[in-house]
Amino acid sequence: VQLQASGGGLVQPGGSLRLSCAASGRTVSGYTLGWFRQAPGKERELVARITWSGSSTFYLDSVKGRFAISRDNAKNTVYLQMNDLKPEDTADYYCAAKNNPYYIGWIYDYWGQGTLVTVSS
């Protein structure tokens, strides 16, 4: 499975961005998909996670109510809608896939390259 993330960029505080991650090589419809981020000097953290059908999601406390993860299994793609962005959201964002439809851990099988999100005025 290859994952290609896109959609990062520079945005002002309060702005929005939508990240996309397209999978190729194999269908990921039965996988749990996640978005992680890593800021300079900090550990990588799980931002959001979605199970295979989209029926269950997880969010980092600091992004609840602002970020929304979704997936389109027909397009083999996962999205992260980020609203009301704050400077502390600045980080490299990575998508990841786990070959488990209902995974609740943090160890994923496949990773995309990072896409940089910078929130600054």
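**View 1. Antiparallel pairing of strands S3 and S8.** Six bridges join strand S3 (residues 17-24) to strand S8 (residues 77-82) in the antiparallel sense. Strands are DSSP runs (E, at least two residues) numbered from the N terminus, and two strands pair if DSSP finds at least two bridges between them. The model is predicted, with pLDDT of at least 70 needed for local features and 80 or more for side-chain atom pairs, whereas totals for chains, interfaces and linings use all residues. Residues are numbered from 1 along each chain as its sequence is written, and side-chain values use heavy atoms, without hydrogens and water. Arg18 has Gln81 in S8 as its bridge partner.

**View 2. The open four-stranded sheet.** The strand order is S1-S3-S8-S7, with antiparallel pairing. Strands S1 (2-6) and S7 (67-72) stand at the edges with a single partner strand each, so one side of each lacks a neighbour in the sheet.

**View 3. The Phe36 and Trp111 ring pair.** Five aromatic pairs are found in the whole structure; rings of Phe, Tyr and Trp (its six-membered ring) pair if their centres lie within 6.5 Å, with planes under 30 degrees apart counted as stacked, over 60 as edge-to-face and the rest as tilted. The Phe36 and Trp111 centres are 4.7 Å apart and the planes stand at 55°, so this pair is tilted. Phe36 is in strand S4 (residues 32-38) and Trp111 in strand S10 (residues 110-111), so the pair ties together parts 75 residues apart in sequence. Ring pairs link Phe36, Tyr103, Tyr108 and Trp111 into a cluster.

**View 4. Arginine over tyrosine faces.** Arg18 lies over the face of Tyr79, 4.0 Å from the ring centre, and Arg44 over that of Tyr94, at 4.1 Å. The criterion requires CZ of Arg or NZ of Lys within 6 Å of the ring centre and within 35 degrees of the ring normal.
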